[in-house]
Amino acid sequence: MEDLLWYKNAVFYEIYVRAFADGNGDGKGDFAGLTSKLDYLVALGVDCLWIMPMYPSPLLDDGYDISDYTHIHPDYGSMQDFKTFLTAAHDRGLKVIVDLVLNHTSDQHPWFQAARRDAKSPYRDYYVWSDTDRKYSEARIIFVDIEKSNWSWDDAAGEYYWHRFYASQPDLNYDNPSVQEEMRNVVKFWLDLGIDGFRADAVPYLFEREGTNCENLPETHAYLKRLRHFIDIYYPGRILLCEANQWPEDVRPYFGEGDEFHMGFHFPIMPRIFMALRRGDRSPLVWITGRTPPIPESCQWCTFLRNHDELTLEMVTPEERQWMWQEYAPEPRMRLNLGIRRRLAPLLDNDRRKIELANSHLFTLPGSPVIYYGDEIGMGDNVWLRDRDGVRTPMQWEASPGAGFSSVDPGQFYLPLIDAKPYGPEKVNVVGQLSDEGSFLNTIRRMIAVHKQNAALGWGDFGWVEAGDPAVAAYCRGCGEGERILVVNNLSGKPIQMPLSGLGARRLVDLFDSTLEIETEKEPVLVLEPYAYRWLRLV
Ligand code: BGC
């Protein structure tokens, strides 16, 4: 029987199709290229691919500005190419979820074009119009570096229209039942094609109400619940993953009673992994796990270290944000909006120990881990590129000048390859790391494998374990009866001896190497090298 709760202990992998592999030699990644790389993803061990928007779009927000919801962007190939990809992925046991942008369309979408030209068009009311730009003044601006208001004037319409993101992304009007139905039909279209679910983009902002900050409104939850109900009836086993960059108590309602989203990103824990690591102190993690409410049994968090956006610092205090900027984005170019536009490896000084340690948290804290393409080989970034392009550069497959990304001259790539030492393809690439048993890529493969073999990491409870030193993040997964795993992370650059006496008489078996065993009665102390981590089964 199909496992309807497959996502509870799955490992996700986020793919930007344009960046992954170019199948037709035009310098831009496409579905043919991605299909040719599926065996790599199978060997990596991931379970589910998350495909960033692949729809027709003027690409002013890399496809999050959709001008047609039911076709494929010509750069990425044809609908047939997409179907071929999907079948090939399914044949290999991989699930596929795609981005679903509910909140807004591109201003090039025919609905908006019709709406702005004709006040009597049925599409006028698909968007949110006003003759003043002072409504909903309590709603924050998200892209603060670029946008000064959530309202933009449209000459053709003679009115202002509402947008939570770029002005080229007018918000849909969810008070209009036709909009609700159109988007449900989009959901149906892709589920009928066979995809396994959606990463639902920017869901807190669907409705607007005066006197509120226009986020997480009851009307928004009611609509999302109806969408979920529709999926449950006709497409059981397909999932909705919630992108709500909010505090845990505000994300909690998106799970409902197990009748809204199956999954939700845990945004606030992400910067705290970086904080804990830099401070050599587990307190930020203790604080945020303590603030995270339980979720229904059928639901799951998604954890991540980096993604295609800036490392957002919205879910921290202003003081913490300053500190994070100072520590992780010392140069102004590294900052964007309220975040940091850098990749994982450069953020962690390209220090293998720290990068592994961050991943140790990713794979063992509650939630299903999401890997951002390229981070599994330690790719670098390019802060000289615009917006978030610096973390969306071509995947580095091999050491050749084109990095194996495309057959065309690299000068014609959609974005330049990373060339800054030591992150260029001659050093950082898939082929080289696959053939090196000790490579970072092979470590990530082992982490994925261990994660999948140990249901407690997906299903288990979570509890902190006293470690004697605040620099040690030690916790237990699956703390009840049955399988119990002790995870120990040394957040500091100093060696630490962690007393094991609190565990009683136990045998601890290393999950990476079962020949490594500790008898607590004989060895009452665990010696942790700087930035070391251990994943241990309690027997
Ligand atoms: C996506 C961004 C995008 C924004 C607007 C997000 O939250 O992750 O990449 O710019 O939604 O669609």
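Predicted model: local features only at pLDDT ≥ 70, side-chain atom pairs only at ≥ 80, totals over all residues.
User: Is D22 buried or exposed, and which side chain of opposite charge is nearest?

Analyst: A salt bridge needs a side-chain nitrogen of Lys or Arg within 4 Å of a carboxyl oxygen of Asp or Glu. D22 is buried, and K28, the nearest side chain of opposite charge, is 8.9 Å away, so D22 has no salt bridge.

User: With which side chain does the side chain of D22 make a polar contact?

Analyst: The partner is the side chain of S406, at 2.6 Å. A polar atom of the D22 side chain also lies 2.9 Å from the backbone nitrogen of D26.

User: How much space lies in the largest pocket, and which residues are closest to its centre?

Analyst: The space in the largest pocket is about 450 Å³. Its lining has 22 residues, and P294, I295, W301, P366 and G460 are the closest to the centre.

User: Which element supplies the largest share of that lining?

Analyst: β10 does, with 3 residues. Both β10 (300-304) and α16 (455-459) supply at least two residues each. By type, the lining of the largest pocket divides into 10 nonpolar, 8 polar and 4 charged residues.

User: What lines the second largest pocket?

Analyst: Its lining residues include N350, R352, I355, P422, K427, D436 and F440. They belong to a lining of 5 nonpolar, 4 polar and 3 charged residues. The second largest pocket holds about 280 Å³ of space.

How values were computed: Residues numbered from 1 in each chain as written. Heavy atoms only, no water. 1 Å grid on protein atoms, 1.4 Å probe; cavity = no way out; pocket = protein on both sides within 12 Å on 5 of 7 lines; lining within 4 Å. Points joined across faces, edges and corners; volume = space filled by probe spheres on them. Helix = DSSP H or I, 4+ residues; strand = E, 2+ residues; numbered from the N terminus. Nonpolar A, V, L, I, M, F, W, Y, C, P; charged D, E, K, R; others polar. Buried < 20%, exposed > 50% of the residue type's maximum accessible area, 1.4 Å probe, protein only. Lys, Arg positive; Asp, Glu negative; His and termini not counted. Polar contact = N/O pair within 3.5 Å; in protein donor to acceptor, adjacent residues only side chain to side chain.
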